[in-house]
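Please look over the structure below before reading on. The notes that follow go through it topic by topic.

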Amino acid sequence: MIQENSLEEEKLILDDIASRLKAFGREREELIPILQMIQERHAYIAEDAIKMAAEYLGIAICEVYGVATFYNQFRFHPPGKNHIKVCLGTACHVRGGDIILENFERKLEIRDGETTPDREFSIERVACVGCCALAPVSVVNETVQGHMAPSKVEGLILGFKIEKEKAEREKKKSEPAQ
Amino acid sequence: MSPLNNETVQKAFGVIRDEAKRRRDAFREEPVPKIQIGMATCGIASGALETKNAFEEVLAERKIKAHIRTVGCIGHCYAEPVVIMDHPESGFPPIFYHNVTPGKAKMLAKSFLEDGDPLFEHVLGAMEENDLVPQVLDFPRFNQEKRVVLEKCGCVDPEDIYEYIADGGYETLAKTLQLAPNEIIEEVQESGLRGRGGAGFPTGRKWDLARNADGQHKTVICNADEGDPGAYMDRTLLESNPHQVLEGMAICAYAVGAQKAIVYVRAEYPLAVKIVTKAIGQARELGLLGEGVLGSSFDLEIDVFQGSGAFVCGEETALIQSIEGNRGMPRHRPPYPVQQGLGGQPTVINNVKTLASIPPIIEHGATWFRAIGTEESPGTAIFSVVGNVVHAGLVEIPMGVTLRTLIFDICGGVPNKKKFKAVQIGGPSGGCLPEEFLDTPIDFDSLIQAGAMMGSGGMVVMDEDTCMVDVSRYFLDFTQKESCGKCTFCRIGTHHLLNTLERITKGEGRDGDLDQLETLSEDIKNGSLCGLGKTAPNPVLTSLRYFRDEYEAHVKERRCPARMCRTLTAFYIDLDKCARGCDACVGSCPVEAIFTTKNRKKGVDQSLCVKCGECMVACPAEYDAVMKVSPPDLAPVVD
Amino acid sequence: MVTLIVNKQELQVDEGKTLLQVCLDNGIYIPNLCHIHGTDNPSASCRLCFVEIEGEDKPIPSCTVKVKDGIIAKTDTPSVRRLQRTAFKLLMSVHRVDCGHCPANKKCELQRIAKFLKVGLKPKYLELRLKETEVDESHPFLDYYPNRCVLCGKCIAVCKDKHGRAFLTFAKRGLDTVVSSYGETDANLPCSKCFACIRICPVGAITSKDSPRQT
């Protein structure tokens, strides 16, 4: 099971959304921009966030749900700290993008659309990020990685793991010994 | 527009233009070297940011005086990161460097800027005519292009409106405001410009319909929902020269009588969103947008709307639905958006490239535009030529150039001595054309006749190692996922096409599959509601027409001639070629499928192998011992 | 009044109506699922009501054609039938055929269309593809059967019409599209008495929790 957000986290998120909603008008046209704001701030759209958006715009909850589930952009579960998008555009496909996706899936032991149980990583397949000349391409936390290869997949993941360990060690060091 | 008004516009624009020129001259005349770095998404993905940092570091470290200037994309994606260094004191012309890594950047700064040695081994060419370095404009990748839309891309800083103005930008808008709207529409109609979004509807006619439609609140929408996987010219244009698009939108709005305009950009293009938003702000600040544009009585507000990831929203009526906050499902046309669009009001929806074509057309006139391209398709076409091609990138050519010229002369043909097999044009709505069609001229009608379509201009070159059945499967997988689900044919029909293609690529094809693919494709084409469904079967239909033998090999022999379908291929190590002592393949395998026997023979455990091909890359070229075969039982067993 | 000819029969009808409506009113049956009587904005999504009209090169859905003088239409040409049969088979390839347990049995539009087009309820060449969820019971008063639903959208339209806002919506996309009442869990919903969606459903995709369960 994926760790869900704690109640405290959840409350912070909803408070933040409530305060930001005020910047939007109350017309139906604001729905998608509102959903985008929620996702941008919190990386996913929680059930309560859907309700808040519906209430704010005075439309049915199911309407908001219907719109949100139509678009690829919106997620309904928290993604991992490191979010990996594997491009499967035409150029990437011809140059083996599916092999890159498989390598990520194998290394992280999750499927596309899923998050690792420790919420460190998540994988998403995307249609085209428009960097076709660098195919195959992946986007790791907003950084576009061109000319991907299976060995590069390993390197990237290893890099993140080392960084995390380093950060943990630093943290331990800075904490006074008990 | 009264003459008094004309005077106001001229005066207002004159002030802005003078300021722009003053700034440019000041920059140019400053006696320091200039380093220009391409920083669009492709450039950044190739490491342009690191390159820029490296330049900054080395300049600071060695106290070299030089200006770093960032520009958009010049379209030569294969050469990214690209840097142009202008060091007049050295006696060399401005020089174009390719693939400039941070290390190279530091080297260049030191040797060129300090010692005056331009390091010829890293030079692609010179930007001006001279006696020392060959000029890039003489290279086929440059000299066969005709840049109308992309002219200023990669030359101006997209985040500085004055650079565009100093280069002649917004001059046409100022001119437009002194003409009557119908004069503008006549000029556009006269130019013969056809919509660059794919279908090729005459732009002038669309504008005329919108101008004459009843409605107080008309809207102009720039369609930058570039969803075709394999096309990225709209992104590049918005990232590299947003003002040309905004200027085109303003001219359109003035001509049709709209006071509101929207740039609809995919949310997958964060940099484009950022740059366009900034550009709108700058234009508003200078009075080129907003209330009373350049002191005239014409008002225009432009907003950015981010599409949320639905290919179908490239379709006009679905796009409008999504702006209105609904599910992006197309509706039956007519009524067309020019009659009843956003909020039930007349709405002009034009592609980014169409709108960016407007300023040059109004500036140089319809006759000039008509002289480019062909009779029925005047002007230029922009393609993103990618896939198995040497000089991948964006190319703008006059319509009527043949596919052969584009792929082989301009883009350098297929790399690694592989044979050309097909070119896929028009993305999921287009088709794959084989070698026989290489002499087809590129224009709207010829491509449709051949079974492909201009589409959004994605062009994917495929070599002999690309399986055409798999490519069809790929596109159907895409359209099936992107179908909005509204109409029966598209929602369920594409699923069955995909299902059959999946079976075939796995070697589970059955007799009658090909006929059924064909009939169902025809029905989906004739029965679907919107353009997405109507064109979804095109990849299947064209590949069945031109590559039927490949389909048959899959179905009848369980063989993939291109050795691409993974269930139908196997890797093995040719022991006659293998140097036994080398373990490169073993080390490269991500799943430990390659083993070594007691007498140092190498074998592949087929049950573990995922067919990623890493071993093939890893095996030293002098041995070249890793083999790939189809059907898989051709691989010898090693124990 | 306008005059048009359908299947060689001359009809004199009021202006403003759709060709489909006119045909149905005059006893000429054209298969349809998503058509709502009297609506101005046809959904045109079921793709069954094709007709051939003189001067047009391909069959077009008759719900999208406003009648005008001089239209000559045919409702039973081979190309019309071909599209109708394919559309019907496609619909049936995602449909749980279990009429004996379905409340719509004998009054189901799908049964009527099958009989009219002379095709079986189970498509021969297309593999059956059903959704995982057999029944969605999340609504306090209604149950929804995704594998019966033909996604005509009439329930959503009628709900909006009756209550000014819809308590039902399409959700998800493509082949995964469903009708959903997500989040509508309030016990005060008008659904306990209305049932307009159940009545308008051409199949048996929505049932009332109160009525004896038929599964």
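**A sheet in chain A**

In chain A, four strands make up an open sheet with mixed pairing, in the order β2-β1-β3-β4. The edges of this sheet are taken by β2 (121-126) and β4 (143-145) of chain A, each of which has a single partner strand, so one side of each is left without a neighbour in the sheet. On average, neighbouring strands are turned by 25 degrees against each other, direction ignored. The model is predicted, and the points below describe further parts of it.

**Pairing and packing at the sheet**

- Strand β1 (residues 82-87) of chain A runs parallel to β2(A), and six bridges join the two.
- One residue pair can be named here: A:Cys87 has A:Val126 in β2(A) as its bridge partner.
- Helix α6 (residues 97-108) of chain A lies across β1, β2 and β3 (138-140) of chain A.
- The direction of helix α6 of chain A is at about 155 degrees to β1(A).

**Two helices in chain A**

- Two packed helices are described by the angle between their axes and the distance between the axes.
- For helix α2 (residues 31-42) and helix α3 (residues 47-57) of chain A, the axes come within 11 Å and cross at roughly 145 degrees.
- The crossing of α2(A) and α3(A) is right-handed.
- From α2(A), the residues A:Leu31, A:Ile34, A:Leu35 and A:Ile38 take part in the contact, and they meet A:Ala49, A:Ala53 and A:Leu57 of α3(A).
- By class, this contact has seven nonpolar residues, with no polar and no charged ones.

**Chain C against chain A**

- How many residues does the contact take from chain C and from chain A? Chain C gives 14 residues and chain A gives 10 residues.
- On the side of chain C that touches chain A, the largest share is three residues, which come from strand β7 (residues 169-171) of chain C.
- That side of chain C has six nonpolar, four polar and four charged residues.

**Domains of chains C and B**

- Chain C is assigned domain 1 (2-86) and domain 2 (131-209).
- The C-alpha centres of these two domains of chain C are 28 Å apart.
- Six residues from domain 1 of chain C and six residues from domain 2 of chain C form their contact.
- The side of domain 1 of chain C that touches domain 2 of chain C has four nonpolar, two polar and no charged residues.
- Chain B is divided into several domains, among them domain 3 (380-463) and domain 5 (569-634).
- Taken over C-alpha atoms, the centres of domain 3 and domain 5 of chain B are separated by 35 Å.

Key: Residues are numbered from 1 along each chain as its sequence is written. Chains are lettered from A and ligands numbered from 1 in the order in which they are written. This is a predicted model: local features need pLDDT of at least 70, side-chain atom pairs count only at pLDDT 80 or more; totals for chains, interfaces and linings use all residues. Two residues are in contact if their C-beta atoms, placed from the backbone, lie within 7 Å. Ala, Val, Leu, Ile, Met, Phe, Trp, Tyr, Cys and Pro count as nonpolar, Asp, Glu, Lys and Arg as charged, and the others, Gly among them, as polar. Domain bounds come from an automatic or database domain assignment. Axes are lines fitted to C-alpha atoms, for helices over the stretch in contact, and angles run from 0 to 180 degrees between N-to-C directions. A crossing is left-handed if the near helix is turned anticlockwise from the far one by less than a right angle, and right-handed if clockwise. Two strands pair if DSSP finds at least two bridges between them.
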